[in-house]
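Hi,

Here is the structure I promised to pass on to you.

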Amino acid sequence: MRKKDFDVVIVGAGPAGLAAGYVLAKAKVNVAIIERGTFPGSKNVMGGIFYRKALDDLMPDFYKEAPLERHIIEQKLWLISEDSVFSTGIRSEKFNKEPYNCFSVFRAKFDKWFAQKVQEAGALIINETVVKDPIVENGKVVGVKTDRPDGDLYCDCVIAADGVNSFLAKSLGLREKITPNKVAIAVKEIIGLPENVINDRFGVSNDSEGVTIEITGPYFEGMESMAFIYTNKNSVSIGVGTIIEDIIEHKVNPNDLLEKFKTHPAIAPLIAGGETKEYLAHMIPEGGYYAVPKLYTDGFMVTGDAAMLVNSVHREGSNLAIESGKLAARTYLEAREKGDFSAKSLSAYQTKMEESFVLKDLKMYRNLPHLLEEKRYLLTKYPQLIIDSMYNIYNVDGVSKPDKIKAIKERLKKDFGYWNLAKDMFTLWRKLG
Ligand SMILES: Cc1cc2nc3c(=O)[nH]c(=O)nc-3n(C[C@H](O)[C@H](O)[C@H](O)COP(=O)(O)OP(=O)(O)OC[C@H]3O[C@@H](n4cnc5c(N)ncnc54)[C@H](O)[C@@H]3O)c2cc1C
């Protein structure tokens with residue numbers, strides 16, 4: 001009989017791998033998580049927003065002890081041009097009540113804490129070890145090769161949670177090479193500011209309340225860019241993510257884009273006097289539903305960013321990673337009951353994912369990446385029209401409001417035509433509905 005080191009080997013100790021490891025360890029499965037970093041989180045750059053629900057289902061009330069920054073009470077969306085901002089969003093006291101909706105977080109700290117919980121549940125985490133290849137025998141994945149001497153590990157099932165570049169999913173033919181239109185590069189800074197300054201500037205009353213601002217619009221000159229500012233306890237995370245294809249076409253340096261963004265008249269006052277603590281860059285899979293590969297093969301499942309599971313419209317990624325890790329682990333437990341780790345048996349993971357919010361949400365936005373590629377003006381001309389119209393309506397210059405509305409209608413007709421406007425609205429409704 002072939003040697004077996006573990007029941008399951010998980011590759012990558014991000015949220016997907018840790019969630020899978022937690023479920024398996026709790027069920028007394030002999031599981032190892034292989035992480036190339038010096039500790040889980042050491043390679044992670046996400047100082048972002050963590051949605052509570054997916055992890056709370058696994059670890060009720062985790063947020064009471066996890067290292068989190070601020071719970072978010074207000075989420076804003078800004079459309080910006082060179083000199084103006086149109087702002088919308090939601091602030092609610094419902095978001096200010098436990099168990100809270102989401103938190104700002106530093107993943108380097110958070111993943112370390114999560115990993116500790118996973119170890120306490122009984123999983124083995126092996127750090128500073130790179131998985132080089134899957135081991136395939138008779139068409140089935142039966143283990144992984146690592147960069148350690150004698151580092152081949154055999155198991156019943158491998159769960160890939162190795163992030164956006166998933167070498168494993170690619171080498172097993174589940175994933176195609178990532179193309180520049182399916183992935184964004186995000187550059188980001190952590191800017192230190194005193195807590196009271198952050199509270200004043202972002203309109204919150206104490207250091208546990210937080211605000212997010214997502215920013216897009218004509219300022220980014222038709223590039224598919226989304227900038228963001230998130231409040232941490234005594235710093236803000238500020239960054240810009242742009243589809244790589246646009247970076248190439250527009251010949252811009254992502255760092256220059258962030259530097260310019262920081263000087264925008266509405267942004268500069270929010271970070272004034274702050275000190276850059278960290279500078280980071282990372283890729284985000286943004287291909288959406290059609291970029292999600294088949295999620296399993298014999299002895300193998302793929303989760304999280306490795307499976308391109310990111311909902312960029314709602315900047316959700318880590319919660320999708322946790323949900324997929326959890327469902328992969330549950331699929332393994334069912335497969336173990338049957339003693340069958342074949343592709344047929346593991347296909348239950350695909351079904352579970354299709355029934356979950358993860359693939360349902362991605363499916364809803366399935367046509368958006370293509371639509372934005374085709375109709376770039378949705379990111380420029382319409383937001384510009386909104387910004388200009390709001391400016392005109394609020395600018396008291398002796399012109400009557402009916403005349404202003406008439407001028408807006410005329411511009412709408414001239415720039416788009418009512419027919420094209422109706423077509424665009426219908427397309428948006430149909431593609432997002
Ligand atoms: C700038 C930025 C901002 C973001 N903001 C948000 C946000 O606000 N909210 C949100 O929900 N999501 C956000 N995301 C997305 C989120 O970070 C990811 O969706 C999430 O981290 C995916 O989790 P994962 O476990 O699949 O992969 P990862 O977190 O990438 O973890 C993969 C792990 O695998 C390890 N690894 C990789 N290859 C190997 C190998 N061969 N051998 C061993 N180990 C390996 C890595 O070191 C890493 O620890 C953001 C991403 C970026 C880049």
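First, the ground rules. This is a predicted model, so local features need pLDDT of at least 70 and side-chain atom pairs count only at pLDDT 80 or more, while totals for chains, interfaces and linings use all residues. Residues are numbered from 1 along each chain as its sequence is written, and side-chain values use heavy atoms, with hydrogens and water left out.

The ligand

There are 34 residues around the ligand, and Glu-35, Ile-49, Arg-107, Asp-305 and Ser-318 come nearest; a residue is counted if one of its heavy atoms lies within 4 Å. Polar contacts here are pairs of N or O atoms within 3.5 Å. An oxygen atom of the ligand lies 2.8 Å from a side-chain N or O atom of Ser-318, and an oxygen atom of the ligand is 2.9 Å from an N or O atom in the side chain of Arg-36. The protein buries 93% of the 1,000 Å² that the ligand exposes when taken alone (Shrake-Rupley method, 1.4 Å probe).

Helix H1 (15-26), strand E3 (47-51), strand E16 (275-285) and helix H9 (318-338) each give two or more residues to the shell, and E16 gives the most, with three residues. Helices (H or I, at least four residues) and strands (E, at least two) are DSSP runs, numbered from the N terminus. By class, the shell has 16 nonpolar, ten polar and eight charged residues; Ala, Val, Leu, Ile, Met, Phe, Trp, Tyr, Cys and Pro count as nonpolar, Asp, Glu, Lys and Arg as charged, and the others, Gly among them, as polar.

The sheet

Six strands form an open sheet with mixed pairing, in the order E7-E2-E1-E11-E18-E17, where strands pair if DSSP finds at least two bridges between them. E7 (124-126) and E17 (296-297) each have a single partner strand, so one side of each edge strand is left without a neighbour in the sheet. E17 pairs with E18 (residues 300-302) in the antiparallel sense over two bridges, and Thr-297 stands opposite Phe-300 in E18.

Backbone features

Most residues other than glycine have a negative phi, and most peptide bonds are trans. Glu-128, in the loop between E7 and strand E8 (131-137), has a positive phi of about 50°. Met-308, in the loop between E18 and H9, has a positive phi of about 65°. Glu-128 is exposed at 52% relative accessibility, whereas Met-308 is buried at 3% (buried is under 20%, exposed over 50%, partly exposed in between; 1.4 Å probe, protein chains only). The peptide bond from Glu-98 to Pro-99 is cis, with omega near 10°.

Aromatic pairs

The count comes to 18 aromatic pairs, with ring centres within 6.5 Å and planes under 30 degrees apart called stacked, over 60 edge-to-face and the rest tilted, using the six-membered ring of Trp. Phe-62 and Phe-110 have their centres 6.4 Å apart and their planes at 75°, so the pair is edge-to-face. Tyr-382 and Phe-416 are stacked, at 4.2 Å centre to centre and 5° between the planes. Both Tyr-382 and Phe-416 are buried.

Best wishes

Definitions and conventions
A polar contact is a pair of N or O atoms within 3.5 Å; within protein, one must be able to donate a hydrogen and the other to accept it, and residues adjacent in sequence count only if both atoms are side-chain atoms.
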